[in-house]
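Dear colleague,

Please find below the structure that I am handing over to you. A short account of the findings follows it.

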Amino acid sequence: MRGLYCQLAESNEDIKFVLQDKESFPSVYDHYVKIQVRVCAFSPVNTKLLTELKLQKDFLPIGREVAGVVIEVGPKVSFFKPNDEVVGILPMDCTESGLSNTLLIHEHSLVTKPENVSWADAAGTIRDGLRAYMALHTHSSVSAGTTVLVMDGANPKIVIGNCFREATRYLHSTLRDAQFRPFGTIVIQLAHYRGAKIISTVHNNEDKKYLEELRPTVGMC
């Protein structure tokens, strides 16, 4: 099984990308699910956090948000069956790259992909969607009548499919430009759903035009 990994210099500035052939794929066991990857989203590698958690390695796996089809399930799996369409996030201590043909992942790291959501949208929004939900509904308890300020609410995130050749071509610029995320837009949508009033900052007229087209409307500054 082949995956994409990055190797950092001591300064964490120079990045080298390599394709590594891993050992033979382990058998499916316990609560683990084997999936065929359809799309993997690129997210910045948080080397500082990995170091703090003592998970820093010589080669860091690229791609943690994946969407795909269940191929096989372990004997203790209760949420999924073969041919289910799923999306999920590989845990921080996972040593496998999401940019692989197949993955072995715990069922608790996956959810069912809605039928009306594309592969790219599912993989590209699962991480920031979870972050937005936790921020609004778990930590701040946003409700009707409250006001939420969203920074850079119009910024999108780059999502690239499971193609190694194109990945190595674009990864360098993608990982260094960590500001391209759908986080702001998702926060706006979830906060509106809870009945909150939204104010967002914008960088340019293009961002302003995008937010003006959202319904309900968004205040801008």
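Where is the place of N83? N83 sits in the loop between β5 (65-73) and β6 (85-89); helices (H or I, at least four residues) and strands (E, at least two) are DSSP runs, numbered from the N terminus.

This is a predicted model, in which local features need pLDDT of at least 70, side-chain atom pairs count only at pLDDT 80 or more, and totals for chains, interfaces and linings use all residues. Residues are numbered from 1 along each chain as its sequence is written, and side-chain values use heavy atoms, with hydrogens and water left out.

Most residues other than glycine have a negative phi. N83, although not a glycine, has a positive phi of about 80 degrees. N83 is exposed, with a relative accessible area of 65% (buried means under 20%, exposed over 50%, partly exposed in between, with a 1.4 Å probe and protein chains only).

S141 has a positive phi as well, near 50 degrees. This residue lies in the loop between α2 and β9 and is exposed, at 52% relative accessible area.

Helix α2 covers residues 119-139. Its 21 residues should span 30 Å at 1.5 Å a residue, and the end C-alpha atoms are 29 Å apart, which agrees; the expected span is 1.5 Å times one less than the number of residues. Among the buried residues of α2 are W119, D128 and H137.

Strand β9 (residues 147-150) runs parallel to β11, joined by four bridges; two strands pair if DSSP finds at least two bridges between them. V150 stands opposite S200 in β11.

Yours sincerely
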